[in-house]
Amino acid sequence: MLTTGQLIALLILAWIIGGLIVRSRKPSIPVWAIMAAASTLTVITGLEPFNEMGYSIDLDVILFLIGMFSLVGLADESGLLSLIAVKLVSKARDTREVFIATSLVLGLLSAFAVNDTVALMGPPVVYSMAKITGTDPLPLFLVLAFSVTIGSTMTPMGNPQNLLIAIESGLTAPFIRFVTILSIPTLVNLVLTPLIVMKMYGVGNRGLRGFIAVPEEHLRNRRDALIAGFFFTVTVILLVANDVLELMGIRLVEHRGFIPFVTASLAYILSSNPRKTLSRVDWGTIVFFITMFITMDGIWRSGVIQSWLSLFMPRVPGSRVLEYIELITVSLLLSQLLSNVPFVKLFINYMKSMGYTGVEASPWLTLAMGSTIAGNLTLLGAASNIIILEVLESRYGKTISFIEFLRTGAVITAVNILVYTPFLLLAG
């Protein structure tokens, strides 16, 4: 028999899931608005005590996002990201190299620049590649969608769910753990994925006459590009150095989210337009995270999610293989239903309640990979898919149906998981 609190929690979850389904047909409704309304319902129904809301919000995550959005926004506004992408992709000599280069460049950018940002700046680059190769832009747009998801898997800053896992799991030296274990399979998948798309869409390989990427066409503000590049590089170095010191038993900065926030704070004053730099922060995502923390804490307090998740993973599995299968299954299925970030937030709490700590990397990295690669299965699996679809429809008059994405995405997802499997099973 469900308690009143558990019934309310289920209704709030239904509100979130229903809102995501409606949003897939009406993208004008932002995800953060759905979650903000859910947090209000959580508080006014008493699931989350009003005076304890502040304790549920992870300031480490919020400051990390503000800092990274600021630096990446400055790099994007200055034209630095587009310049890097176009110059690298322009070295391709034939259609196959264009597809592979597009996947590698945009995928690796998403590993460090947050996948949703690359999903926003990627479509014009991809459309240019389609014109140069004389191919239908649809296969390249699919490569874009798949590659930003795959690329974002290999670092804590690649996507929001990875960041949650890196900060809240207790994982030791998360940046180094992510990169050392996930970088090789990610690179392999970034090469295999465009080849599979080419095969499935019958894209032939033709030689090309190279084109010249003129820096002035993409670099809008050289000063801001230098500032963004410098402080972004410093941020990554500090994050890596902090992890190395932690592995040596020296805890320099406990709250990693403060590092990009501090470096971005220095970049503000040096940028040509600090107000515009700050405006590039995706404040909708910040609101989403703040309200998601409140909502998911209230739902967790109700106790309903524990019994629900136990259906998929009732106990700590007795073997690494079984654990891997169960984590992948629950990640793929519930990321489609709840969306990957809310699912990961709830599942982190569930894994901690089962006794998981940050000592072993494999379970946490499996959760990160499964919940991220789930975005390649359906259009609803990742926000970056919706961003790309919206640009494709509004700017270029083309679309990708749910069934068409699933038809290709099911193959891509299966291959991606197969490639990641041996690396994660052998991880410590």
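These legends accompany close-up views of helix packing and helix geometry in a predicted model.

Residues are numbered from 1 along each chain as its sequence is written, and side-chain values use heavy atoms, leaving out hydrogens and water. Because the model is predicted, local features need pLDDT of at least 70 and side-chain atom pairs count only at pLDDT 80 or more, while totals for chains, interfaces and linings use all residues.

**View A. Helix H4 against helix H9.** Here H4 (residues 59-78) packs on H9 (residues 160-168) at an angle of about 135 degrees, with the axes 10 Å apart. Helices here are DSSP runs (H or I, at least four residues), numbered from the N terminus; their axes are lines fitted to C-alpha atoms over the stretch in contact, and angles run from 0 to 180 degrees between N-to-C directions. H4 is therefore oblique to H9 (under 35 degrees counts as roughly parallel, over 145 as roughly antiparallel, 65 to 115 as roughly perpendicular and the rest as oblique). The crossing of H4 and H9 is right-handed, a label used if the near helix is turned clockwise from the far one by less than a right angle. Look for Asp60, Val61, Phe64 and Leu65 of H4 meeting Leu163, Leu164 and Ile167 of H9, where contact means heavy atoms within 4.5 Å. This contact of H4 with H9 has six nonpolar, no polar and one charged residues (nonpolar: Ala, Val, Leu, Ile, Met, Phe, Trp, Tyr, Cys and Pro; charged: Asp, Glu, Lys and Arg; polar: the others, Gly among them).

**View B. Helix H9 alongside helix H18.** H9 and H18 (residues 340-353) pack at about 20 degrees, their axes 9 Å apart, so H9 is roughly parallel to H18. On the H9 side, find Pro160, Gln161, Leu164, Ile165 and Glu168; H18 brings Asn340, Val341, Val344, Lys345, Ile348 and Lys352. By class, this contact of H9 with H18 divides into six nonpolar, two polar and three charged residues.

**View C. Helix H9 and helix H15.** With H15 (residues 283-302), H9 makes an angle of about 55 degrees, the axes lying 13 Å apart. H9 and H15 are therefore oblique to each other. Pro160, Leu164 and Glu168 of H9 touch Phe289, Met292 and Phe293 of H15.

**View D. The kink in helix H10.** H10 bends by about 50 degrees at leucine 182, shortly before proline 185; the bend is the angle between axes fitted to the seven residues ending there and the seven starting there. After H10 comes glycine 202, with a positive phi near 60 degrees.

Conventions:
Helix = DSSP H or I, 4+ residues; strand = E, 2+ residues; numbered from the N terminus.
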